[in-house]
Amino acid sequence: MAWTRKDLLAMRDLEPGEILTLVDTAASLEEIASRDIKKVPALRGKTIVNLFYEPSTRTRTSFEIAGKWLSADVINFTASASSTTKGETFVDTAKNIEAMSPDVVVVRHSASGAAELLARELDCSIVNAGDGAHEHPTQALLDLLTIREKKRHFEGLQVAIVGDITHSRVARSNIHAMRKLGVTVTVAGPPTLIPPFIGELGVKVAYRLEEAIRDVDVIMMLRLQHERMAAGLIPSVREYSRYWGLSLDKLQKHARPDVLIMHPGPVNRGVELSPEVADSHYSVILDQVSKGVAVRMAVLFLLAGSRSSEGQVRA
Ligand code: CP
């Protein structure tokens with residue numbers, strides 16, 4: 001399916017064919033990572049700005065590597081070292097960045113809707129690299145690429161997403177994407193960390209870890225997002241870990257032997273995931289990170305590489 005969008009804001013917006021175009025393009029770009037010279041000229045002369053208002057290890061680094069491997073010029077903006085600290089607004093900052101003629105702005109912000117706001121205000125392409133508890137579309141894409149490589153298909157797969165569902169943009173993007181591709185999704189966690197209307201997204205809900213992980217093909221464990229959490233949602237981290245932490249013992253007792261363990265990172269070892277599970281043969285956590293570069297190359301290529309110098313999107 002031809003890519004015609006100016007921006008990548010949310011998995012909720014995309015047709016199944018568009019999701020598969022992104023995943024297929026990423027799969028075709030993966031081999032660049034194994035070359036001696038990791039450089040192709042696809043985005044030569046293009047400029048990408050990483051506009052990050054929240055901390056990031058994986059997303060920001062992989063967007064930078066992706067842009068550089070495609071020969072684009074990549075500029076990293078860090079809010080804490082910018083004139084934001086002198087009172088400049090988010091939109092004013094973005095408009096000033098746009099006045100320097102970037103082709104793509106990759107934005108991460110604590111406010112849900114921040115990427116959509118910039119997409120309305122700016123003419124250049126906007127990529128949502130995580131907006132509050134709303135969406136993180138490129139994380140869902142790299143999760144899909146990882147799952148397809150291991151399981152070969154999407155239709156009919158069963159996935160459990162476990163942990164702090166309420167504050168997770170990763171859960172929301174994956175739920176939208178997976179449901180469109182025929183995957184059955186169960187979310188699980190303490191009732192205080194499951195949004196009351198989550199069933200409207202077409203997912204099942206489980207309130208016991210053992211029930212959630214039985215017979216599924218993939219278990220995606222999530223971090224407690226203390227930075228977005230009001231006080232009192234869990235009695236203590238120790239108790240959370242006891243009931244919702246995935247140990248090797250629980251995994252081997254209740255899950256399938258061919259289950260994949262995924263985590264978007266950062267992992268809090270010993271809280272949601274024991275170190276034995278994180279480092280086990282079940283875990284594809286570092287595969288997810290590697291595939292993040294291919295996915296971000298695909299996104300940058302489809303957004304910036306398919307637009308002509310007149311700003312028209314090629315059919
Ligand atoms: N998965 C993810 O978004 O990680 P970072 O916060 O390190 O970018």
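Me: What volume does the largest cavity have?

Reply: Rolling a probe the size of a water molecule over the atoms shows where empty space is left. A cavity is a set of points, on a 1 Å grid over the protein atoms alone, where a 1.4 Å probe fits but cannot get out. Grid points are joined across faces, edges and corners, and a volume is the space filled by probe spheres set on the points. Here the largest cavity has a volume of about 80 Å³, and the structure holds one cavity of 30 Å³ or more. This is a predicted model, in which local features need pLDDT of at least 70, side-chain atom pairs count only at pLDDT 80 or more, and totals for chains, interfaces and linings use all residues. Residues are numbered from 1 along each chain as its sequence is written, and side-chain values use heavy atoms, without hydrogens and water.

Me: Which residues line the largest cavity?

Reply: Lining residues have an atom within 4 Å of a point. Among them are Arg58, Gln139, His263, Ile285 and Arg296. Two or more lining residues come from each of α2 (58–69), α5 (137–151) and α11 (285–305); helices are DSSP runs of H or I with at least four residues, numbered from the N terminus. The most come from α11, with five residues.

Terms used: 1 Å grid on protein atoms, 1.4 Å probe; cavity = no way out; pocket = protein on both sides within 12 Å on 5 of 7 lines; lining within 4 Å.
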